[in-house]
Amino acid sequence: MSALLKSELRKLIYLRANWLLLLWSGLFAALGTVAPILVLNSDNGPGRGVFSGTETQEGINAVFANAAGGYLFALILGILIMTNEYRHGTAVGTFLVTPKRSTVLVAKLIAASLAGLVIQLFSFLFAITSGFIALTFFEPHAPVPAELLFKVLRASAISGLVLGIVGVGLGALVKNQIAAVTGAVIWTLIVEGLVVAFVESIGKYLPAGAITGLVDVDFGENDFNFSIENYLTPGPATLVLLGYAALFSLIAMRTTLRRDLD
Amino acid sequence: MSSVKIEFKNLSKRYKDVLAVSNFSAQVQSGRVTGFLGPNGAGKSTALRCLLGLVNPTGGSAAVNGGSYSQLQDPIHKVGAVLDSRGFHPGLTAKQNLKIMASASDINFSRIDEVLELVDLASAANKRTKGFSLGMKQRLSLAIAMLGDPEILILDEPANGLDPLGIVWLREFLQKLAGEGRTILVSSHQLAEMQNTVNDVLIINKGVLVAQGTIKEICKGRSLEEAFLELTLRKSA
Ligand SMILES: Nc1ncnc2c1ncn2[C@@H]1O[C@H](COP(=O)(O)OP(=O)(O)OP(=O)(O)O)[C@@H](O)[C@H]1O
Ligand SMILES: [Mg+2]
């Protein structure tokens, strides 16, 4: 297994597309911290009057919580780790070296959790650094407590680990790279919201709802109009997401992973 | 001392409406080059894919070294394969592709330079494979197959895309490997070339075994091409 894991990590490092994805995750998360700083502090921006500026603690909390926002990239990388094998036909070579396909799946689940973690740690650091730089233009601002950064870091790390795993499970099940990636993104950003609009009670158990529960940091009180209480707390949210990963992987092991390879 | 290294037992594979391989039984002996011949669509690739555990048979079985491929410990140390599909990543270099394979089965990286040398691809080691010609891809596939220094080689049309020089090289390469006591099962359409390369012949047509024997037994004084045409046309008439 350790040899197989090394081989999987090698694939990750060699592919330039993966480094690009890492870069995008950082830029995306940084957009999440920098953009609200600019909006909240502009004199006639839409933020004024509705939300607190960065001179308040609520404003700072809201801005820095977004540093965990690169999680979709961890999910996408997980999907790529699995579906690249089918897209480029390397599955044949991979399964000739390791005929037990479930062993390959497990190695990929582990590799993807590490890769997701790296994505989220990098994008967290990038977003936090960018946020601090942006804040220097808007002195004075409320302090950025270490506890806040720690909470967001924890949310980043766990979401990276877990969503990398979910991505591999989904990729094993769907196999078609474009379908899996666009499906996952559209579901998370659009479809799930529509489903929840009709059946509100199940929302927190659906993937995007669980992700929200996992990455949204609870600061006690906040003046945003959505309430964190509608979502699961990070512990149960993590379990729900791992449950999806296990479900996808188990179904894949009994179906798509067993099929003929051409 | 030759022994049975590969055995197909009543192997069948059905794809929806096509019976690609039908109750196919045959043996391949060690230390010999066995040609696997048949017209387009005869079922050669399908049978080889079943043998390598890539395709699930509908019925029967295919065994290598006495058991199914998926039961082998460290399979690439025992069996090397060249298939008619790309088994490597187009965005990576030849060497990177080999490193991925080697690290998955704990093969020393010094072996990578050896196999690249072996297939005459050392000069393109650091080029991305998406720019490879058909012949270069075929050589890289052979290098991958040789990575684990296997005693059994399963090659699906390895001569495909090779230039005349490459074909001569392949012939000598296969004969040398067989001389070392290895077992080689090789499918091909190039009958004249096969005549000079193989010791034994399996002929399949429409999924069915139509002839099996030494090249002498099959040819009976005719050229392999004549024998092949007669055997495959007679059966399908
Ligand atoms: N994945 C597949 N789905 C459906 N039919 C298939 C599939 N693979 C092969 N076939 C069919 O099975 C039959 C045997 O194909 P196969 O590729 O094994 O032949 P072959 O002897 O290798 O031919 P060639 O010499 O052209 O390579 C053909 O009729 C082919 O159309
Ligand atoms: Mg074929």
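Over all chains, the structure holds 15 salt bridges. One of these pairs joins the side chains of A:K108 and A:E8, at 2.8 Å from N to O. The two residues belong to distant parts of the chain, 100 residues apart: A:K108 sits in helix α6 (residues 101-135) of chain A, and A:E8 in helix α1 of chain A. The model is a predicted one, and the predictor assigns the complex an ipTM of 0.94 and a pTM of 0.93. For chain B the average pLDDT is 93, with 98% of the residues scoring at least 70.

The interface of chain A and chain B was examined next. Contact between the chains takes 26 residues from chain A and 31 residues from chain B. About 2500 Å² of area is buried between chain A and chain B, and carbon and sulfur atoms give 59% of this area. On the side of chain A, the residues that lose the most area to chain B are A:Y14, A:L96 and A:V97, which together account for 26% of what that side buries. The rule finds one salt bridge across the interface of chain A and chain B. In a salt bridge between the two chains, the side chain of A:D260 meets that of B:K13, with an N to O distance of 2.7 Å.

Rolling a probe the size of a water molecule over the atoms shows where empty space is left. Three cavities of 30 Å³ or more are present in the structure. The largest cavity has a volume of about 280 Å³. Its lining is made up of 25 residues, and those nearest the centre are A:K11, A:E85, A:T90, A:T94 and B:I100. Four helices each supply at least two residues of this lining: α1 (2-14), α4 (71-87) and α5 (91-97) of chain A, and α2 (94-104) of chain B. Helix α1 of chain A provides the largest share, five residues. By class, eleven residues of the lining of the largest cavity are nonpolar, ten are polar and four are charged.

The second largest cavity contains about 220 Å³ of space. It is lined by 19 residues, of which A:G93, A:L96, B:A81, B:M101 and B:I144 are the closest to its centre. Among these, A:L96 is also one of the chain A residues that lose the most area to chain B. At least two lining residues of the second largest cavity come from each of α5 of chain A, β5 (79-82) of chain B and α4 (134-146) of chain B. Helix α5 of chain A likewise supplies at least two residues of the lining of the largest cavity. The lining of the second largest cavity divides into 13 nonpolar residues, five polar residues and one charged residue.

In chain A, the peptide bond from A:E139 to A:P140 is cis, with omega near -5°. A:P140 is placed in the loop that runs between α6 and α7 (146-174) of chain A. A:K175 is not a glycine, yet its phi is positive, at about 65°. This residue lies in the loop between α7 and α8 (177-198) of chain A. In chain B, a positive phi of about 65° is found at B:D120, which is not a glycine either. The location of B:D120 is the loop between α3 (110-118) and α4 of chain B. Helix α4 of chain B also contributes at least two residues to the lining of the second largest cavity.

Terms used. Residues numbered from 1 in each chain as written. Chains lettered and ligands numbered in written order. Predicted model: local features only at pLDDT ≥ 70, side-chain atom pairs only at ≥ 80, totals over all residues. Heavy atoms only, no water. 1 Å grid on protein atoms, 1.4 Å probe; cavity = no way out; pocket = protein on both sides within 12 Å on 5 of 7 lines; lining within 4 Å. Points joined across faces, edges and corners; volume = space filled by probe spheres on them. Nonpolar A, V, L, I, M, F, W, Y, C, P; charged D, E, K, R; others polar. pLDDT = per-residue confidence, 0-100. Contact = heavy atoms within 4.5 Å. Buried area = accessible area lost by both parts, 1.4 Å probe. Salt bridge = Lys/Arg side-chain N within 4 Å of Asp/Glu carboxyl O.
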